[in-house]
Amino acid sequence: MADLIAEIQALEAKAASAIAAAADTEALQNVTQEFTGKKGALTHVMKQLGSLTPEQRGEVGKAANIFKARLEELLAAKEAVLAEARFASLAETEFVDLSVTPGEYAAIASGATHSGHVHPIAQTQKKLEEIFTSMGFSIVDGPQVEDDYHNFGALNFTDDHPARDMQDTFYTVTKHLLRTHTSSVQIRALEKMKPPIRIIAPGRVFRYEEVDASHEHTFYQMEGMIIDRKVSVGNLLHLMQTLLSEVFSKGVEVRLRPGYFPFVEPGFELDMKCLVCNGTGCPVCKHSGWVEVLPCGLVHPNVIQKAGLSPEEWQGAAFGLGLNRLVMMQHGIEDIRHFMAGKLDFLRQF
Ligand code: PHE
């Protein structure tokens, strides 16, 4: 009997070291089986009770119960340690970042994380801003929701002016409109600044337009305006040339045509040889080989007068660069719709 009790007590030390070595819950279950399972070490001892008196069996039974209780205790303590370790590692590996957007989450989950970068239009806009600020221009801004006066009236469009139809307009119920061009910022600048003035105004503009490869309802322009005592077509052309040669490191072919805009006189359309098709004709250049990128002209005396300045004293030049088209020429992009399609495959090329 004493042997059996000693055997049971020896089991405790063995079980304690097996439990200490167990790395997870599964290993702990194995330990339980090993010591108290049907084929376990304790069962093995208990099978030898046959030759003992009832009192002796009682003594051994007591020792067995003490062992079982001790085993439970050790298992529970170890289980608690394992659970704590599991939670600690969960916090490291499976924390939830509530600021992650579904798109980012999908990218992270698929292992394809990309850090974002500046949109191709904004890249070119920034480059132009650097060129113009280095020439003494300041960058100004205006509202995207405009009133008729700043978008049309002050720019020499009369109420029934047919040119209003050139710019199909989105109106709000309060008779405001989404600006159809950044020329509205010319007026805002004239109201705020004292001449001489040199400004650029990059921004988003909107037209109620049938969308196709070369037309978007929402696109970007960059307005430029100089007001000074003497401004000539020569000044204007010099500005245009500087702009284009800085943006395109290679020489580009341009042509100048007369163009009509109520707020300039004379007005021009500056076209670029289409760089998507090299002038052979494609949907971007409407198969003409040329793309209108830079409408411009000398500021109409009526505009200067409406702004409260004397047209005798002040002259001006202005341009309205089409940023989307310029960027399309720069990178050979064949469809204006790519810019706002939210396609990462497209955007990652720039
Ligand atoms: N605002 C005109 C347009 O969007 C372009 C333009 C700007 C023309 C400045 C001449 C001078 O069509």
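I take contact to mean heavy atoms within 4.5 Å. The model I am reading is predicted.

**Entry: helix 8**

I started with what packs on helix 8. Its buried residues pack against strand 2 (145-146), helix 7 (148-151), strand 4 (197-206), strand 5, helix 10 (301-306) and strand 9. I listed those buried residues as Ser183, Ser184, Val185, Gln186, Ile187, Arg188, Ala189 and Leu190. Eight of the 10 residues of helix 8 are buried, so the helix is largely enclosed by the rest of the structure.

I then followed the chain out of helix 8. Pro196 sits in the loop between helix 8 and strand 4. The peptide bond joining Pro195 and Pro196 is cis, with omega about 0 degrees.

**Entry: the largest pocket**

I looked up the largest pocket next. Its volume is about 670 Å³. It is lined by 33 residues, and the closest to its centre are Arg207, Gln221, Glu292, Pro295 and Arg325. I sorted the lining into 13 nonpolar, 12 polar and eight charged residues.

Which elements each supply at least two residues of this lining? I found helix 8 (183-192), strand 5 (218-228), strand 7 (264-273), strand 8 (290-299), strand 9 (315-322) and helix 11 (323-331). Strand 8 gives the most, with five residues.

Strand 7 held something else. Pro266 lies in strand 7, and a cis peptide bond joins Glu265 to Pro266, with omega about -5 degrees.

I checked the domain assignment. It gives domain 1 (2-93) and domain 2 (120-347). Their C-alpha centres lie 84 Å apart.

Helix 4 covers residues 54-93. It has 40 residues and reaches 57 Å from first C-alpha to last, close to the 58 Å expected. I noted its buried residues, among them Val60, Phe67, Leu71, Leu74, Leu75, Lys78 and Leu82. Helix 1 (2-21), helix 2 (25-36) and helix 3 (41-46) are included in what covers the buried residues of helix 4.

I moved to helix 6. Its 15 residues reach 21 Å from first C-alpha to last, close to the 21 Å expected at 1.5 Å a residue. Pro120, Ile121, Thr124, Gln125, Leu128, Glu129, Ile131 and Phe132 are buried there. Just after helix 6, Gly136 takes a positive phi of about 90 degrees.

Is Thr124 buried or exposed? I call Thr124 buried, because its relative accessibility is 3% and the cut-off for buried is under 20%. Leaving out residues up to four places away in sequence, Thr124 touches Val247, Leu323, Leu326, Val327 and Gln330.

Leu347 belongs to helix 12 (residues 344-347). Leu347 is buried, with a relative accessible area of 17%. Leaving out residues up to four places away in sequence, it touches His117, His119 and Pro120. Leu347 and Pro120 are 227 residues apart in sequence, yet 7.4 Å apart in space, C-alpha to C-alpha.

**Entry: two asparagines**

Asn156 has a positive phi of about 75 degrees although it is not a glycine. Its place is the loop between helix 7 and strand 3 (177-178). Asn278 also has a positive phi, of about 60 degrees. I placed Asn278 in the loop between strand 7 and strand 8.

Which of these is buried, and which is exposed? Asn156 is buried, with a relative accessible area of 14%. Asn278 counts as exposed, at 58% relative accessibility.

Key: Residues numbered from 1 in each chain as written. Predicted model: local features only at pLDDT ≥ 70, side-chain atom pairs only at ≥ 80, totals over all residues. Heavy atoms only, no water. 1 Å grid on protein atoms, 1.4 Å probe; cavity = no way out; pocket = protein on both sides within 12 Å on 5 of 7 lines; lining within 4 Å. Points joined across faces, edges and corners; volume = space filled by probe spheres on them. Helix = DSSP H or I, 4+ residues; strand = E, 2+ residues; numbered from the N terminus. Nonpolar A, V, L, I, M, F, W, Y, C, P; charged D, E, K, R; others polar. Expected span 1.5 Å × (residues − 1). Buried < 20%, exposed > 50% of the residue type's maximum accessible area, 1.4 Å probe, protein only. Domains from an automatic or database assignment.
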